[in-house]
Amino acid sequence: MFRLVQGLQAIAICAFLLVDARAVRLDPSLQEENDSLEQYLLHAAPNQKMMLYKTFMMSNSIVTRNVVQDINSAKVSYFATHQSTGPNENYYGLRATMDVHGHEVKPGQLSGGALWVSHFGDDGKLSSYNAVSAGWHIDPERYGDSRPHFYTSWTRDGYATTGCYNMDCPGFERANGAAVAPGASIDPVSDDKSLQSITVEVLLDRTSGDWWVYYGFNSVPTGVGSYPKSLFTNMAEKANAIAFGGYVVTRRALPTPPMGSGSHPHTNKSHAASLTNLGVINQDGNTNPINADLPTYMGNEQCYSITPVAQAECFYGGPGGCMP
(Lines give C-alpha, C1' and ligand atoms only; values in the text may rest on other atoms or scores of the structure.)
Protein backbone atom coordinates (compact mmCIF):
# COMPACT_ATOMS: atom_id res chain seq x y z
CA MET A 1 0.00 0.00 0.00
CA PHE A 2 1.27 3.45 -0.83
CA ARG A 3 2.95 5.29 2.00
CA LEU A 4 1.21 8.55 2.86
CA VAL A 5 2.71 11.11 5.15
CA GLN A 6 1.18 13.38 7.78
CA GLY A 7 -0.86 16.29 6.52
CA LEU A 8 -1.39 14.95 3.01
CA GLN A 9 -5.02 13.89 3.18
CA ALA A 10 -6.21 16.55 5.56
CA ILE A 11 -4.84 19.30 3.34
CA ALA A 12 -6.79 17.97 0.40
CA ILE A 13 -9.93 18.19 2.49
CA CYS A 14 -9.40 21.92 3.00
CA ALA A 15 -9.50 22.63 -0.71
CA PHE A 16 -12.40 20.24 -1.21
CA LEU A 17 -14.62 22.03 1.30
CA LEU A 18 -14.52 25.52 -0.14
CA VAL A 19 -16.61 26.44 -3.17
CA ASP A 20 -18.22 29.84 -2.75
CA ALA A 21 -17.53 30.65 0.90
CA ARG A 22 -15.62 33.90 1.27
CA ALA A 23 -14.25 33.11 4.72
CA VAL A 24 -14.50 29.72 6.37
CA ARG A 25 -13.00 29.10 9.79
CA LEU A 26 -13.47 25.56 10.98
CA ASP A 27 -12.45 23.93 14.21
CA PRO A 28 -9.66 21.36 13.89
CA SER A 29 -10.61 18.06 12.31
CA LEU A 30 -9.70 15.26 14.64
CA GLN A 31 -9.43 11.53 14.30
CA GLU A 32 -7.88 8.78 16.40
CA GLU A 33 -5.55 6.17 14.94
CA ASN A 34 -2.13 4.61 15.39
CA ASP A 35 0.81 6.20 17.21
CA SER A 36 2.39 7.15 13.88
CA LEU A 37 1.05 10.28 12.23
CA GLU A 38 1.79 8.59 8.95
CA GLN A 39 -0.43 5.63 9.80
CA TYR A 40 -3.08 8.01 11.12
CA LEU A 41 -3.44 9.68 7.77
CA LEU A 42 -3.21 6.46 5.85
CA HIS A 43 -5.99 4.66 7.71
CA ALA A 44 -8.07 7.15 9.66
CA ALA A 45 -8.49 10.03 7.27
CA PRO A 46 -10.95 8.34 4.86
CA ASN A 47 -13.64 8.46 7.55
CA GLN A 48 -12.71 12.03 8.32
CA LYS A 49 -12.80 12.96 4.65
CA MET A 50 -16.21 11.41 4.10
CA MET A 51 -17.74 13.37 6.99
CA LEU A 52 -16.26 16.57 5.61
CA TYR A 53 -17.41 15.70 2.12
CA LYS A 54 -20.99 15.19 3.32
CA THR A 55 -20.88 18.64 4.90
CA PHE A 56 -19.54 20.06 1.64
CA MET A 57 -22.39 18.47 -0.32
CA MET A 58 -25.05 19.88 2.01
CA SER A 59 -24.26 23.47 1.15
CA ASN A 60 -22.18 25.48 -1.29
CA SER A 61 -21.54 27.98 1.47
CA ILE A 62 -20.11 26.26 4.54
CA VAL A 63 -21.06 28.16 7.69
CA THR A 64 -20.78 25.49 10.34
CA ARG A 65 -17.72 25.74 12.58
CA ASN A 66 -17.77 22.21 13.90
CA VAL A 67 -17.33 19.71 11.11
CA VAL A 68 -15.58 16.86 12.87
CA GLN A 69 -14.60 16.71 16.52
CA ASP A 70 -13.57 13.67 18.51
CA ILE A 71 -12.63 14.29 22.14
CA ASN A 72 -10.71 11.02 22.16
CA SER A 73 -8.68 11.98 19.10
CA ALA A 74 -4.91 11.43 19.15
CA LYS A 75 -4.12 13.86 16.30
CA VAL A 76 -5.04 17.39 15.30
CA SER A 77 -4.38 19.51 12.19
CA TYR A 78 -4.52 23.28 11.72
CA PHE A 79 -4.49 25.22 8.46
CA ALA A 80 -4.13 28.82 7.31
CA THR A 81 -4.75 28.87 3.58
CA HIS A 82 -6.30 30.74 0.67
CA GLN A 83 -8.31 28.61 -1.73
CA SER A 84 -10.45 28.96 -4.82
CA THR A 85 -12.50 26.28 -6.52
CA GLY A 86 -15.61 25.70 -8.59
CA PRO A 87 -16.86 23.32 -11.28
CA ASN A 88 -16.44 25.98 -13.96
CA GLU A 89 -13.00 27.18 -12.88
CA ASN A 90 -10.07 26.55 -15.20
CA TYR A 91 -6.56 26.41 -13.77
CA TYR A 92 -3.45 25.28 -15.60
CA GLY A 93 -0.93 25.93 -12.88
CA LEU A 94 0.03 27.91 -9.80
CA ARG A 95 3.19 29.71 -8.70
CA ALA A 96 4.38 31.03 -5.33
CA THR A 97 7.57 32.20 -3.67
CA MET A 98 7.69 31.26 0.00
CA ASP A 99 10.35 32.05 2.57
CA VAL A 100 11.64 29.01 4.45
CA HIS A 101 12.07 28.91 8.22
CA GLY A 102 13.64 26.47 10.63
CA HIS A 103 12.12 25.23 13.89
CA GLU A 104 12.83 22.56 16.46
CA VAL A 105 9.86 20.38 15.57
CA LYS A 106 9.46 17.22 17.63
CA PRO A 107 8.62 13.73 16.37
CA GLY A 108 4.84 13.63 16.21
CA GLN A 109 4.71 17.19 14.87
CA LEU A 110 4.84 18.58 11.32
CA SER A 111 4.91 22.12 9.95
CA GLY A 112 4.90 23.29 6.34
CA GLY A 113 3.95 25.71 3.64
CA ALA A 114 2.75 24.71 0.19
CA LEU A 115 0.57 25.21 -2.86
CA TRP A 116 -2.01 22.78 -4.25
CA VAL A 117 -3.53 22.33 -7.71
CA SER A 118 -6.48 19.94 -7.93
CA HIS A 119 -9.65 18.78 -9.66
CA PHE A 120 -12.80 17.45 -8.00
CA GLY A 121 -14.13 15.46 -10.93
CA ASP A 122 -17.49 15.72 -12.65
CA ASP A 123 -19.39 13.21 -10.53
CA GLY A 124 -19.02 14.91 -7.17
CA LYS A 125 -17.40 11.89 -5.57
CA LEU A 126 -14.48 12.31 -3.24
CA SER A 127 -12.82 9.33 -4.93
CA SER A 128 -12.58 11.46 -8.09
CA TYR A 129 -10.38 14.05 -6.39
CA ASN A 130 -7.06 14.57 -8.23
CA ALA A 131 -4.27 16.73 -6.84
CA VAL A 132 -0.63 17.76 -7.02
CA SER A 133 1.06 19.80 -4.30
CA ALA A 134 4.55 21.16 -3.70
CA GLY A 135 6.29 23.22 -1.04
CA TRP A 136 8.42 22.79 2.07
CA HIS A 137 7.86 21.06 5.38
CA ILE A 138 9.59 19.99 8.58
CA ASP A 139 8.77 16.37 9.36
CA PRO A 140 11.07 14.64 11.87
CA GLU A 141 9.26 11.32 11.68
CA ARG A 142 9.83 11.19 7.96
CA TYR A 143 13.33 12.55 7.51
CA GLY A 144 14.89 11.90 10.91
CA ASP A 145 15.74 15.58 11.41
CA SER A 146 14.12 18.92 12.16
CA ARG A 147 15.23 20.65 8.98
CA PRO A 148 12.94 21.96 6.24
CA HIS A 149 12.71 19.81 3.11
CA PHE A 150 11.36 20.48 -0.37
CA TYR A 151 8.53 18.09 -1.18
CA THR A 152 5.85 17.25 -3.69
CA SER A 153 2.84 14.90 -3.57
CA TRP A 154 -0.03 13.57 -5.67
CA THR A 155 -3.26 11.54 -5.69
CA ARG A 156 -5.97 10.57 -8.16
CA ASP A 157 -8.63 9.23 -5.76
CA GLY A 158 -8.70 11.54 -2.77
CA TYR A 159 -5.82 9.59 -1.17
CA ALA A 160 -8.00 6.53 -0.72
CA THR A 161 -5.53 4.13 -2.35
CA THR A 162 -3.14 6.31 -4.37
CA GLY A 163 -0.73 9.06 -3.59
CA CYS A 164 2.54 9.66 -1.81
CA TYR A 165 5.20 12.20 -1.09
CA ASN A 166 8.25 12.68 -3.30
CA MET A 167 9.27 9.46 -5.01
CA ASP A 168 8.02 7.01 -2.37
CA CYS A 169 5.70 5.32 -4.85
CA PRO A 170 5.50 5.11 -8.65
CA GLY A 171 4.34 8.45 -10.02
CA PHE A 172 6.77 11.34 -9.97
CA GLU A 173 9.37 11.18 -12.74
CA ARG A 174 12.47 13.20 -12.06
CA ALA A 175 13.80 15.19 -15.00
CA ASN A 176 17.21 14.36 -16.42
CA GLY A 177 19.76 16.75 -15.01
CA ALA A 178 17.39 18.17 -12.38
CA ALA A 179 19.33 20.22 -9.83
CA VAL A 180 17.33 18.89 -6.88
CA ALA A 181 15.25 15.87 -5.97
CA PRO A 182 12.00 15.90 -3.99
CA GLY A 183 12.79 15.42 -0.32
CA ALA A 184 16.03 17.43 -0.44
CA SER A 185 16.80 19.51 2.64
CA ILE A 186 16.78 23.30 2.35
CA ASP A 187 19.76 25.17 3.75
CA PRO A 188 20.29 27.88 4.84
CA VAL A 189 16.95 29.04 6.26
CA SER A 190 15.61 32.50 6.99
CA ASP A 191 16.80 34.40 10.06
CA ASP A 192 16.63 37.94 11.43
CA LYS A 193 19.22 39.11 8.93
CA SER A 194 18.02 37.62 5.66
CA LEU A 195 15.19 35.71 4.03
CA GLN A 196 15.81 32.45 2.22
CA SER A 197 13.06 31.48 -0.17
CA ILE A 198 11.94 28.86 -2.62
CA THR A 199 9.86 29.48 -5.71
CA VAL A 200 7.59 26.61 -6.63
CA GLU A 201 5.44 26.12 -9.72
CA VAL A 202 3.03 23.33 -10.58
CA LEU A 203 1.88 23.61 -14.19
CA LEU A 204 0.29 21.59 -16.94
CA ASP A 205 2.17 20.82 -20.13
CA ARG A 206 -0.66 21.28 -22.61
CA THR A 207 1.08 19.12 -25.22
CA SER A 208 1.74 16.02 -23.10
CA GLY A 209 -0.89 16.51 -20.39
CA ASP A 210 1.79 15.94 -17.74
CA TRP A 211 1.91 18.10 -14.60
CA TRP A 212 5.37 19.57 -14.06
CA VAL A 213 6.93 20.71 -10.78
CA TYR A 214 9.45 23.57 -10.90
CA TYR A 215 11.66 24.59 -7.98
CA GLY A 216 14.21 27.30 -7.30
CA PHE A 217 16.09 28.16 -4.10
CA ASN A 218 16.68 31.91 -4.08
CA SER A 219 16.57 31.66 -7.86
CA VAL A 220 14.38 31.26 -10.93
CA PRO A 221 12.69 27.84 -10.74
CA THR A 222 13.74 25.05 -13.06
CA GLY A 223 12.06 21.75 -13.85
CA VAL A 224 12.44 19.03 -11.21
CA GLY A 225 10.19 16.49 -12.87
CA SER A 226 6.62 15.65 -13.71
CA TYR A 227 3.57 13.58 -12.92
CA PRO A 228 2.47 11.79 -16.11
CA LYS A 229 -0.98 12.38 -17.53
CA SER A 230 -1.72 8.67 -17.11
CA LEU A 231 -1.71 9.01 -13.32
CA PHE A 232 -4.83 11.15 -13.25
CA THR A 233 -8.47 10.69 -14.07
CA ASN A 234 -9.56 14.33 -14.16
CA MET A 235 -6.47 16.53 -14.48
CA ALA A 236 -5.37 15.65 -18.01
CA GLU A 237 -6.70 18.93 -19.39
CA LYS A 238 -7.00 21.33 -16.46
CA ALA A 239 -7.57 21.76 -12.73
CA ASN A 240 -10.56 23.45 -11.11
CA ALA A 241 -9.11 24.31 -7.70
CA ILE A 242 -6.05 25.99 -6.23
CA ALA A 243 -4.84 26.59 -2.68
CA PHE A 244 -1.77 28.00 -0.92
CA GLY A 245 -0.73 28.63 2.67
CA GLY A 246 0.53 26.83 5.76
CA TYR A 247 -0.41 23.84 7.86
CA VAL A 248 0.66 21.96 10.98
CA VAL A 249 -0.09 18.53 12.40
CA THR A 250 0.55 17.37 15.94
CA ARG A 251 -0.17 14.54 18.31
CA ARG A 252 -2.89 15.60 20.67
CA ALA A 253 -0.64 15.22 23.71
CA LEU A 254 1.84 17.76 22.30
CA PRO A 255 1.49 21.53 21.85
CA THR A 256 1.12 22.64 18.26
CA PRO A 257 4.37 23.54 16.45
CA PRO A 258 5.14 26.93 14.90
CA MET A 259 3.77 27.63 11.43
CA GLY A 260 5.68 29.70 8.90
CA SER A 261 8.21 31.90 10.72
CA GLY A 262 6.50 31.38 14.05
CA SER A 263 5.05 34.91 14.05
CA HIS A 264 1.33 35.64 13.80
CA PRO A 265 0.63 37.93 10.81
CA HIS A 266 -2.04 39.93 12.65
CA THR A 267 0.18 40.76 15.63
CA ASN A 268 3.66 40.78 14.08
CA LYS A 269 3.24 41.07 10.32
CA SER A 270 6.76 42.36 9.70
CA HIS A 271 8.17 39.05 10.98
CA ALA A 272 5.49 36.71 9.62
CA ALA A 273 6.17 34.23 6.83
CA SER A 274 5.27 35.44 3.37
CA LEU A 275 3.91 34.06 0.14
CA THR A 276 4.87 36.35 -2.72
CA ASN A 277 4.81 36.33 -6.52
CA LEU A 278 1.49 34.51 -6.31
CA GLY A 279 0.25 33.75 -9.78
CA VAL A 280 -2.17 31.58 -11.70
CA ILE A 281 -0.89 30.04 -14.93
CA ASN A 282 -3.31 30.23 -17.84
CA GLN A 283 -3.79 27.85 -20.77
CA ASP A 284 -1.19 29.71 -22.82
CA GLY A 285 1.45 29.18 -20.14
CA ASN A 286 1.43 32.81 -19.02
CA THR A 287 1.33 33.70 -15.32
CA ASN A 288 -1.30 36.17 -14.13
CA PRO A 289 -0.62 37.72 -10.70
CA ILE A 290 -3.21 37.01 -8.01
CA ASN A 291 -4.09 40.55 -6.98
CA ALA A 292 -7.60 39.90 -5.62
CA ASP A 293 -8.33 38.25 -2.31
CA LEU A 294 -9.46 34.61 -2.19
CA PRO A 295 -11.51 32.57 0.31
CA THR A 296 -9.68 31.57 3.47
CA TYR A 297 -9.57 28.50 5.66
CA MET A 298 -8.29 28.93 9.21
CA GLY A 299 -8.61 26.13 11.73
CA ASN A 300 -7.84 28.26 14.79
CA GLU A 301 -7.24 31.92 14.08
CA GLN A 302 -5.84 32.59 17.54
CA CYS A 303 -3.05 30.09 16.87
CA TYR A 304 -2.53 30.61 13.14
CA SER A 305 -3.81 33.01 10.53
CA ILE A 306 -3.34 34.29 7.00
CA THR A 307 -3.78 37.82 5.70
CA PRO A 308 -5.81 38.84 2.65
CA VAL A 309 -4.06 38.61 -0.71
CA ALA A 310 -2.91 42.00 -1.96
CA GLN A 311 -0.54 42.70 -4.85
CA ALA A 312 0.19 38.98 -5.27
CA GLU A 313 1.32 38.40 -1.70
CA CYS A 314 0.05 37.46 1.74
CA PHE A 315 1.44 36.62 5.17
CA TYR A 316 0.65 33.61 7.32
CA GLY A 317 1.66 31.55 10.35
CA GLY A 318 1.69 31.60 14.10
CA PRO A 319 3.82 30.70 17.12
CA GLY A 320 2.05 27.48 17.95
CA GLY A 321 2.10 26.31 21.53
CA CYS A 322 -1.65 25.75 21.49
CA MET A 323 -2.91 22.63 23.21
CA PRO A 324 -5.47 20.68 21.13
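The numbered points below go through a predicted model, from its overall make-up to single residues.

1. Overall make-up. The protein has 324 residues, and buried residues make up 62% of them. Its secondary structure comes to three helices and 18 strands. Among contacts with a separation of 6 or more, 72% are accounted for by residues 24 or more positions apart. The accessible surface comes to about 12,600 Å², and 47% of that surface belongs to carbon and sulfur atoms.

2. Strand 3. A reader new to this structure may wish to begin with strand 3, which spans residues 75-85. Because 11 of its 11 residues are buried, strand 3 is largely enclosed by the rest of the structure. The burial holds for both faces of the strand: K75, S77, F79, T81, Q83 and T85 point one way, while V76, Y78, A80, H82 and S84 point the other way, and all are buried.

3. Strand 13 and its partners. Strand 13, made of residues 241-251, is likewise mostly covered, with 10 of its 11 residues buried. Strand 13 pairs with strand 3 in the antiparallel sense over 11 bridges, and within this pairing F79 has Y247 as its bridge partner, while T81 stands opposite G245. Strand 13 is also joined, again antiparallel, to strand 5 (residues 109-119) by 10 bridges, where A114 has G245 as its bridge partner.

4. The largest pocket. This pocket has a volume of about 340 Å³ and is lined by 19 residues, with H101, D191, L195, S261 and H271 lying nearest its centre. The lining divides into four nonpolar, 12 polar and three charged residues. Strand 4 (93-99) and strand 14 (273-281) each supply at least two residues of the lining, and strand 4 gives the most, with three.

5. Backbone details to check. Most residues other than glycine have a negative phi, and most peptide bonds are trans. Against that background, the peptide bond from D187 to P188 is cis, with omega near 5 degrees, and P188 is placed in the loop between strand 9 (173-174) and strand 10 (197-204). Y159, in the loop between strand 7 (148-155) and strand 8 (164-165), has a positive phi near 65 degrees and is buried, because its relative accessible area is 2%, under the 20% cut-off. A312, in the loop between strand 17 (305-306) and strand 18 (314-317), also has a positive phi near 65 degrees, and with a relative accessible area of 9% this residue counts as buried as well.

6. The C-alpha atoms of N268 and G318 are separated by 9.4 Å, although the two residues are 50 residues apart along the chain.

How values were computed. Residues numbered from 1 in each chain as written. Predicted model: local features only at pLDDT ≥ 70, side-chain atom pairs only at ≥ 80, totals over all residues. Heavy atoms only, no water. Buried < 20%, exposed > 50% of the residue type's maximum accessible area, 1.4 Å probe, protein only. Helix = DSSP H or I, 4+ residues; strand = E, 2+ residues; numbered from the N terminus. Pairing = 2+ DSSP bridges. 1 Å grid on protein atoms, 1.4 Å probe; cavity = no way out; pocket = protein on both sides within 12 Å on 5 of 7 lines; lining within 4 Å. Points joined across faces, edges and corners; volume = space filled by probe spheres on them. Nonpolar A, V, L, I, M, F, W, Y, C, P; charged D, E, K, R; others polar. Contact = heavy atoms within 4.5 Å. Areas by Shrake-Rupley, 256 points an atom, 1.4 Å probe, with all protein chains shown as cover.
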